[in-house]
Amino acid sequence: MKSYTLTYLFIFVSLISLPTSAWASSAENTYKTVCAVCHTAGVAGAPKLGDKTKWAPLIKEGQVQLTAHGYVGVRGMPAKGGKPDLGVQDFAASVVYMVNQSGGSWQNPDASTLKKIDAEIIRRQAQLRK
Ligand code: HEC
């Protein structure tokens with residue numbers, strides 16, 4: 001009886017962890033695991049999630065600029081949110097998540113927008129190296 005219970009428990013845990021691991025790549029989860037540590041409380045002047053006044057001028061900069069500059073890093077904002085293996089697409093998705101919680105309505109960048117973001121990242125990195 002006891003081992004059955006354990007077996008069912010194991011199956012149950014495996015089943016619930018399946019969708020959880022797929023979800024792990026979602027923008028909200030990236031936000032929670034990487035960005036929230038600063039952007040929830042506003043550490044070091046980070047624009048807080050949901051602070052429409054702070055986000056309005058950033059949203060105006062546009063998706064290409066804002067995503068690329070955040071990815072490269074700006075003052076207290078560490079490059080890639082401080083997670084060296086965070087890809088541009090995942091970073092961009094968590095920016096979209098933050099923007100959409102803060103008064104904007106952006107969509108995950110399509111292929112052509114991603115190309116522009118990549119180009120802006122290279123341009124910005126070169127500028128910062130000067
Ligand atoms: C260690 C703290 C920290 C973490 C972690 C962090 N940020 Fe930031 N972020 C900041 C700070 C501080 C600023 C404000 C920088 C400034 O303008 O002085 C900022 C600014 C930004 C901006 C605006 C950039 C601009 O051009 O003004 C974006 C976009 C952003 N963060 C996205 C993210 C995303 C997405 C993540 C997670 C993947 C993340 N941040 C993780 C601290 C952090």
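A molecule sits in a cavity or pocket if more than half of its atoms lie within 2 Å of the grid points of that cavity or pocket. The exercises below concern a predicted model.

**Exercise 1.** Determine where the ligand sits and which helices supply at least two residues each of the shell around it.

*Solution.* Step 1: by the criterion above, the ligand sits in the largest pocket. Step 2: the helices that each supply at least two shell residues are α2 (27-39), α4 (63-72) and α5 (88-100). Step 3: α2 gives the most, with five residues. Step 4: the shell divides into 17 nonpolar residues, six polar and one charged.

**Exercise 2.** Identify the residues that come nearest to the ligand and examine the atoms of H39 and R75.

*Solution.* Step 1: of the 24 residues around the ligand, C35, C38, H39, R75 and M77 come nearest. Step 2: a side-chain N or O atom of H39 is 2.8 Å from a nitrogen atom of the ligand. Step 3: for R75, a side-chain N or O atom is 2.8 Å from an oxygen atom of the ligand. Step 4: polar contacts require N or O atoms within 3.5 Å.

**Exercise 3.** Classify the aromatic pairs found in a search of the whole structure.

*Solution.* Step 1: the search finds two pairs. Step 2: Y31 and Y97 form a tilted pair, 5.4 Å centre to centre with 45° between the planes. Step 3: this pair links helix α2, which holds Y31, to helix α5, which holds Y97, across 66 residues. Step 4: Y31 is buried at 3% relative accessible area, and Y97 is buried at 17%. Step 5: the ring centres of Y71 and F91 are 5.4 Å apart and the planes stand at 75°, so this pair is edge-to-face. Step 6: Y71 lies in helix α4 and F91 in helix α5, so the pair ties together parts 20 residues apart in sequence.

Conventions
Residues numbered from 1 in each chain as written. Predicted model: local features only at pLDDT ≥ 70, side-chain atom pairs only at ≥ 80, totals over all residues. Heavy atoms only, no water. Near = heavy atom within 4 Å. Polar contact = N/O pair within 3.5 Å; in protein donor to acceptor, adjacent residues only side chain to side chain. 1 Å grid on protein atoms, 1.4 Å probe; cavity = no way out; pocket = protein on both sides within 12 Å on 5 of 7 lines; lining within 4 Å. Helix = DSSP H or I, 4+ residues; strand = E, 2+ residues; numbered from the N terminus. Nonpolar A, V, L, I, M, F, W, Y, C, P; charged D, E, K, R; others polar. Phe/Tyr/Trp six-rings, centres within 6.5 Å; stacked < 30°, edge-to-face > 60°. Buried < 20%, exposed > 50% of the residue type's maximum accessible area, 1.4 Å probe, protein only.
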